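Colleague: Hi! Could you walk me through this one?
Modeller: Happy to, here it comes.

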Amino acid sequence: MSETNDTPPGGTDFIRQQIRADLASDRYGGRVVTRFPPEPNGYLHVGHATAIILNYGIAQDFSGRFHLRFDDTNPEKENEEYVRGIKEDILWLGADWGEQLYFASDYFERMYDCAVTLIQKGLAYVDSQSLEAIREGRGTVTEAGTASPYRDRTVEENLDLFARMRDGEFTDGAHVLRGKIDMGDPNMLMRDPVLYRIRHAHHYRQGDDWCIYPLYDYAHCLEDAFEGVTHSICTIEFENNRELYDWVLESSGFTEPRPHQYEWAGLDLENAVLSKRAIGPLVSAGLVSGWDDPRLATIAAYRRRGVPPEAIRMFASLVGVSRSGGRTEEDKFEYAIREVLNTEAPRVMAVLDPLKVVLTNLPEDHAESFDIASFPPDVGRDGSRAVPFAAEVWIERSDFAQDPPEGFRRLVPGGEVRLRGAYVLRCDEVVTDEEGAVVELRCSVDLQTRGGSNPEGRRVNGTIHWVSVADALDAEVRLFSALLEPVDEGEEIEGDEPDITERVSPDSLVVVHGAKIEPSVADEALDTRYQFERTGYFWRDPSDGRDDRLIFNRIVALKSTYRGAPDVERSEQRERAAEVKKTGPSVKPQISEVRQAARNADPGLAERFAAYPEAYGISIEHADLLTGSMATVAFFESAIADGADPGAVASWIVTDVRALLGDGAVADLAFTGDALGRLVELVTSGAVSRRAAKDVLARMADRGGDPGELIEDMGLAAVSDTNMLGEIIDGVLAGMPDKVEAYRGGRTNLIGLFIGEVMKATRGAADPKAVRSLLSERLDS
RNA sequence: UGGCCCGUCGUCUAAUGGCAAGACCCCGGUCUUUGGAACCGGUAACGGUGGUUCGAGUCCACCCGGGCCAACCA
C-alpha cells in the first residue's frame, strides 16, 4: 500500500467527505449504511455498475453495511428472471450484500400503515379525479396548480376510502392517495404528489395480496428508513425529489438521525446505451441477441464479452465521483481493460485474415516446434507453449503490402520481416490471381535466425505473427464496435429522440469465419482470456464457444500507435467544442430583477437605493444588494448606527454575511446588525485582522455573542508586533528552504504560500499587510 | 418560461481563501522479436464581467452556457 497518512482511505469524493463529516459529528452513532436499489425490470448496465461500486466501496471503506434491495413496487414490469440476473451481475462485480437482501414489496404492510398515519395527520387525502384531471390540475412549471375538489375530504372519509381501495372495491384509476402539500410549490413534485394508486395486477412476489401499490417518491425513502440506511445515494435527476423524500420521512415521523439523500452525476459513457428503457426495445426487436449481447453496455454483456470485473472497478475509480459529470470517453474504459488484461492474458498467435506464405527453402514436409513464452519479459510471468511450424504458414493479409505507405514496417516485396519466435523471412515472389489480388507469397527463411536467435549485426524492421497451415485450428472470431450510428447534431435538438432501433449499425458486429489460430488453445481452460499478439484480447464466447467450437469474442483491441491516416474527425470535434465555449461579456447592469421589483413595490426601498451610493460612498451593485428588502435595510442601518464605516459594513453584508446566510434571511441570523457594526469597528481600529474577523463572524452566526469578547475568547487579537511577526516568519521560511529558493529564482507567486503559512501559524490574527512587507524585506534582499 | 442543480486541460476528476494537480486521449523520444507494455518528455484548463480580500478556481453579485422537473414509471 502506498497510501500516505494524509490521504484518507477510499478517495476524497464529496459523498465520502460528507460521510467523514457525519462520522466526526457522530450523527449516526458511527453507522454507515448504503444500498443499491434496482428495480427488477431489466438488466443492469455499466452505469449501475459504477453505482454498485460506489455504494459497496463506501460500506467497505467505513466498515459499514451494504444492502441490496429490490425496488419492486410496480407489479406490471417486474419479474423473477430480472432478480436472478441482477444478483448474478452484482456478485460478479465483486459486491457482496451478505445477509442484507431486501425487497420493497415486503414492506407493503408497513407502508400502508404509514399512509394511514399520514391521512390521520391530515397530510394525505384520497383524490377521485381522473388521471387527466390530476395532470391538468398540477399546473405547469411556470403556473401554479389548482386544488382538487376532493382535497378537503374529512379524515374519516379518507380513511374509509383508502381502506376500501385496499380491499379492492374500486377499479384501476378510480382513486389515488395524494400527499397534501402545496399546489403552488415551484417544485412540481411537491404539488400534492400521488402516493398510492390502484392496480389490479399480479405481483411476482406478493401475488394478488395487493391491489394498491405505492409510488417511488413515497416508497423509496420509507424503504431506506425501515432499513436504517444512512446515506441514500442516487443520481442527479432525483435532485428535485429530495424535498419530497424529506417531506415523506418527516411527515411519517422519522426524526433525526434518519436517512438522507445525496445525488451524484452517475456515469455517461461514450458509445454506450445506458438506459434500460432503450435497451429493452433493442432486445425485443431482436436487433441484439439478448440482454447479454456483447455490443451492449450491460454487465451481462461485458461478462459475456470477456471484460474482467476488476477492469470495471478500475474504470470506476478512474472516472471518479462528482455532481457535474459529463460523458466519459470510451478510451478510458478500454484503457482499464487493457491494463488488467496485459498482466493476466497469456499470449497466443491467431491470424484473422489469412494470407498463405510458402517457404520455398524448406522441404515440403518440414515440421518443427518452437517453445514460445506466454508472456513478454516485462510482464514477468512464467509459462510457455509449443507452437508448431511448417513449410506453409498463414500471415495477416494486412501485414503485407505491395505498395507500402510511408512508415510501413511489415512485409513488402523483396523485404524482410521476422516471424515471431521463428525465423526472419524474405518475400521473394508475389502470386496474384487474374484480377491482381494477392493470393500467396513465396518466401524464404534465414536458417541462421531460427527460434528467434539473432546473429550479430542482423537487424529486421518488424515482427509479425503467424500460424502453421498444417497445424492451424479454424476459429470464428467476433469483433464488436459501437452499436449505434451517431446522431446528427441537428437531429438531436429536434426534441424527440430518433427511434433507437433504427440507429443500429450494421458494422457493430463483424463475424470473421476461417480465422487461423495456433493449436495450443485447444488445451487451455475454456475461460482463458488471451492476447492474440498484435491484435487484441479475446476469449471464447461463453454461450456459443463451448465444447470444441472455437468461437472467440474480441474483448478489446490492442492499442496501436500506427497511424495510416490522421484522425480528421476528432480534430474537427475539438474545433467545434472550442467554438461553443466562447461567450461574450455581459452588457446589462449587474442589478437583480427580483430586487428591482421589490423596490418598485416599496418606495422606502427605492428611495434608499437612490440615496445610498451618494450618502455612503458605496457602489450601485452594493446599494442594490442592500435594498432588496426592508429586513436587509434595517440590518444595514442598525449596523452603521453607532458610527461604523458604512462602506465597510456594506461590503461585509453583501459578501461575508450573505455567504453565511444560505437560504435564510438576515432576520434569522444569530447576531444583529449592531453586533456586526461593532465587529467592523474593531477591524477598522486595527484591534483584529479582517481575516480573523471572518472567523469571529462565523462564530457569531453559529452561536451569537459579542464580537469584542469573542476576539478575546478565541485569542484572535491582532498581531502586528514586528518582532513577534519576524520570529514567526523566520520560522516559516526556515521550514521550507526549497520554496524560498524557488521564490528567489523567480517564482514570486509563492509569496501567497508564505503569507498563508504565517497566517496559519497565527490562526489568522497576524496583520497580512505587515506580514507581506516583512516577507519582502527578507526575501527580496 | 418558474424552481433546483452544474460549469477547471480534448475527456474524466483534484484543490475546502495561499504552488492550478492527476489520469485518459493526443504529440515527440528511449527501449523492444507484439506499431503491445514500460520509461522519459511535451501540448493543454479555472465560462464571462464586476465586487470582497494582503491574496479568489474557491466567498458575493450579475450575465452566459448546460442539465433536471409538468407518469397513477423508477
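Colleague: How many bridges join strand β2 to β3?
Modeller: Three bridges join β2 (residues 65–70) to β3, and the two run parallel. Strands are DSSP runs of E of at least two residues and helices are runs of H or I of at least four, numbered from the N terminus; two strands pair if DSSP finds at least two bridges between them.

Colleague: Before I go on, what should I know about the model?
Modeller: It is predicted, so local features need pLDDT of at least 70 and side-chain atom pairs count only at pLDDT 80 or more, while totals for chains, interfaces and linings use all residues. Residues are numbered from 1 along each chain as its sequence is written, chains are lettered from A and ligands numbered from 1 in the order written, and side-chain values use heavy atoms, without hydrogens and water.

Colleague: Back to β3, which residue stands opposite tyrosine 102?
Modeller: Arginine 69 does.

Colleague: And what is the strand order in that sheet?
Modeller: The open sheet runs β1-β2-β3, with parallel pairing. β1 (33–36) and β3 (101–103) are the edges, each with a single partner strand, so one side of each has no neighbour in the sheet. The twist averages 35 degrees from one strand to the next.

Colleague: Which helices lie across it?
Modeller: Helix α3 (residues 80–93) lies across β1, β2 and β3 at about 155 degrees to β2. Helix α7 (residues 216–227) also lies across these strands, at about 140 degrees to β2. Angles run from 0 to 180 degrees between N-to-C directions, with axes fitted to C-alpha atoms, for helices over the stretch in contact; contact means heavy atoms within 4.5 Å.

Colleague: Switching topic, how do α24 and α25 cross?
Modeller: The axes of α24 (residues 737–744) and α25 (residues 751–761) come within 10 Å and cross at roughly 145 degrees. Lys739, Val740 and Tyr743 of α24 meet Ile751, Leu753 and Phe754 of α25. That contact has five nonpolar residues, no polar and one charged. Here Ala, Val, Leu, Ile, Met, Phe, Trp, Tyr, Cys and Pro count as nonpolar, Asp, Glu, Lys and Arg as charged, and the others, Gly among them, as polar.

Colleague: Last one: how far apart are the centres of domain 1 and domain 4?
Modeller: Taken over C-alpha atoms, 45 Å separate them. Domain 1 covers 10–115 + 216–344 and domain 4 covers 593–714 of chain A, with bounds from an automatic or database domain assignment.
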